[in-house]
Amino acid sequence: MNFPGSGIIKGMVVTARNMIGSYFDRAHAKRLTTEQYPEERPKLPEASRSFPFLIFDGDPETGIRCTSCKICEKECPPQCIYIVQDRDAAGKPIRRPKVFNIDISVCMGCQICVEVCPFESIRMDNIYEMSSYDRFGSLVVTKQQLLKSNEYYHSINHTEAAATDARIEAARKKKEAAAKVAAEKAVAAKAAKAAEEKAAAEKAEAEKPSQPEQAA
Amino acid sequence: MSFDPHTSSLSEDNGAGAQTLDVSLGPQHPSTHGVFRMNVRLDGETIVKLQPVFGYLHRNHEKLAEKMSWLASMPYTDRLDYLCPITNNWAYAVAVEKLAGLEVPERAEYIRVIVGELTRLANHTAFLGFLLGDMGGWGSALMYAFREREKILDLFEALTGARMMTNYMRFGGVRCDLPTGWLEKTRAYIETFPAFLDEMEQLLTGNEILLARLQGVAPLSAERAINGGLSGPVLRASGVDYDIRKVDGYGIYPRLNFRVPRGTVGDCFDRFMIRLLEARESIKLLQQAFAQIPAGPIVNPAAKQRGIKPPAGEAYGRIESPKGELGFHLISEGGEKPYRYHVRPPSLINLTLLEEMCIGSKIADVMVILGSIDIVLGEVDR
């Protein structure tokens with residue numbers, strides 16, 4: 001079958017097969033069908049990322065993991081993070097951010113802030129539909145908007161959230177064990193010191209009676 | 001006479017009493033691949049002069065990289081050739097690893113090959129669609145190509161979190177391990193891929209109109225291709241056996257069995273066919289990598305990501321990206337930032353022979369020739 005135009009006909013067989021086949025391929029095994037967005041929403045994979053958010057455990061005020069160490073602010077490639085450290089009534093800096101702003105019109109979702117955070121406090125969200133009528137103001141996301149619970153993180157990326165929890169738990173246990181060892185050491189040191197003092201006192205006591213003799 | 005793009009149109013006498021015509025093609029003709037402009041001088045419909053104008057997408061990538069840490073440049077490399085971000089990451093990682101003397105664990109090398117070859121498949125299928133679009137076949141071929149590319153991008157999203165801006169490679173490894181079930185899904189998908197290539201070949205390669213538009217158009221001799229510094233599929237279509245995967249043997253490519261397809265005359269049809277053949281070789285590579293991938297660490301534990309300070313010196317790391325030789329020339333002074341950061345983009349170098357390829361062709365062929373080189377403007381302008 002090699003007459004002039006046979007190649008075109010062969011190609012048209014392919015398009016016809018695709019067109020007619022689309023009515024019969026119910027399983028969509030080979031074809032992708034249009035998702036009827038916004039009525040129908042895609043299920044995003046766990047790793048899917050868009051913009052960062054801050055995690056808190058329990059209470060949003062006291063449970064915030066961020067210590068405002070500003071590593072993410074320094075490492076952010078497009079420099080879209082702005083942090084101000086909080087201070088207590090006496091003006092002493094405390095390990096908590098007072099201001100934590102991310103300009104998501106600048107953020108490119110590269111995930112480097114997540115990787116460099118030593119306190120597991122910043123993670124990637126998978127939200128979309130972030131458009132707004134305001135060009136600048138509403139795209140600067142503040143701390144209140146960024147704070148989301150650890151449960152929310154579990155709901156979007158359970159695998160990674162569980163791994164993070166396990167890491168935090170292990171670090172806590174290690175710290176506790178270290179504290180326990182330190183406490184035991186302190187107790188032992190105290191006991192040793194007390195024993196030493198006691199021994200010294202006893203020695204002094206033993207030497208005391210001889211003093212009057214010397215004096216005499 | 002001098003060629004001034006701002007003064008238009010009728011210019012010098014062609015000797016036969018008629019005048020040549022200057023036409024500005026671009027910067028946003030639908031068939032041009034992004035914002036690229038060609039100032040063309042026509043004698044009738046024949047091209048007598050062509051001057052490419054680029055820089056419309058210039059983003060100051062190289063200078064920016066000198067102002068930020070080594071790691072912070074990694075997401076910006078995604079934006080070079082935005083159709084294949086993973087190979088851009090890979091080339092940058094290879095260059096920094098060379099500079100810092102880092103080893104890459106075995107599993108990471110296999111993951112790199114898997115995602116790199118998937119990128120090659122995505123790029124080459126997209127190329128087929130774009131080339132047909134350039135020829136006026138806007139529709140079937142592009143839709144079929146994008147249907148397959150979409151599935152590969154979904155795999156990338158499940159792995160790296162983003163469809164295109166992957167930011168996946170790290171110095172001495174990769175960022176995250178393969179999620180559960182990803183490898184099985186990819187393996188099952190790759191098994192269906194040869195059927196898609198067969199379908200594409202049935203749709204396109206025998207088509208008489210396509211053959212008339214591609215065969216014998218802008219042939220490029222092997223000598224000229226080498227002298228022009230071309231690389232990748234464009235060079236191999238001219239019959240030169242040069243593939244950096246074979247020449248450098250970086251990563252684990254020496255262990256894998258694959259062939260390097262070559263063209264004979266280097267015309268547009270050879271440049272078209274070579275992509276189809278390379279895609280078939282990529283499938284072979286992927287299947288071997290699936291079978292051999294070991295367990296183990298995915299990143300060298302000695303490698304520092306944040307605040308990495310490679311020792312003073314310079315290094316040129318290169319890989320075979322889907323478009324050709326992608327290299328990064330880095331100079332370090334031992335600090336937190338590169339002293340000099342230079343990208344050798346395959347698209348730009350492959351574009352340098354555009355005028356030579358176009359002269360003597362008809363104006364309708366210019367789009368086809370440009371399409372057959374396969375450029376991405378993000379990489380040309382950087």
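**A walk through both chains**

Colleague: Let's start with a pair of residues. Which residue of strand 6 of chain A stands opposite Phe56(A)?

Modeller: Bear in mind that this is a predicted model, where local features need pLDDT of at least 70 and side-chain atom pairs count only at pLDDT 80 or more, while totals for chains, interfaces and linings use all residues. Residues are numbered from 1 along each chain as its sequence is written, with chains lettered from A and ligands numbered from 1 in the order in which they are written. Strands (E, at least two residues) and helices (H or I, at least four) are DSSP runs, numbered from the N terminus. Look across from Phe56(A) into strand 6 of chain A, and you land on Ser149(A).

Colleague: In which sense do strand 1 and strand 6 of chain A pair?

Modeller: Two strands pair if DSSP finds at least two bridges between them. Strand 1 of chain A covers residues 52-56, and three bridges link it to strand 6 of chain A. The sense of that pairing is parallel.

Colleague: What is the strand order of the open sheet they belong to?

Modeller: This open sheet in chain A has three strands, with mixed pairing. Strand 4 (122-124) and strand 6 (147-149) of chain A are the edge strands, each pairing on one side only.

Colleague: Is Lys70(A) buried, exposed or partly exposed?

Modeller: First, Lys70(A) has a positive phi of about 70° although it is not a glycine, and it lies in the loop between strand 1 and helix 2 (71-75) of chain A. To judge burial, count the other C-beta atoms (placed from the backbone) within 10 Å: 20 or more means buried, 12 or fewer exposed, and anything in between partly exposed. Lys70(A) has 15 of them, so it comes out as partly exposed.

Colleague: And how many other C-beta atoms lie within 10 Å of Gln79(A)?

Modeller: Gln79(A) isn't a glycine either, yet has a positive phi of about 55°. You'll find Gln79(A) in the loop between helix 2 and strand 2 (81-87) of chain A. Gln79(A) is partly exposed because the count is 13.

Colleague: On to where the chains meet. Which element of chain A gives the largest share of the side that touches chain B?

Modeller: Residues are in contact if their C-beta atoms, placed from the backbone, lie within 7 Å. By that rule, 24 residues from chain A and 28 residues from chain B take part. The elements giving two or more residues on the chain A side are helix 1 (6-24) and helix 3 (112-116). The largest share, six residues, comes from helix 1 of chain A.

Colleague: How far apart are the C-alpha centres of domain 1 and domain 2 of chain B?

Modeller: The bounds come from an automatic or database domain assignment, which gives domain 1 (9-53) and domain 2 (61-381) of chain B. The two do touch: 16 residues of domain 1 are in contact with 18 residues of domain 2. Strand 4 of chain B gives the most to the domain 1 side, with five residues. Still, the C-alpha centres of the two domains lie apart by 31 Å.

Colleague: How many residues of strand 8 of chain B are buried?

Modeller: Strand 8 of chain B (residues 324-332) runs antiparallel to strand 7 (residues 313-321), with nine bridges, and antiparallel to strand 9 (residues 338-344), with six. Ile319(B) has Leu326(B) as its bridge partner, while His329(B) has His342(B). Strand 8 of chain B is mostly covered: out of nine residues, the buried ones number seven.
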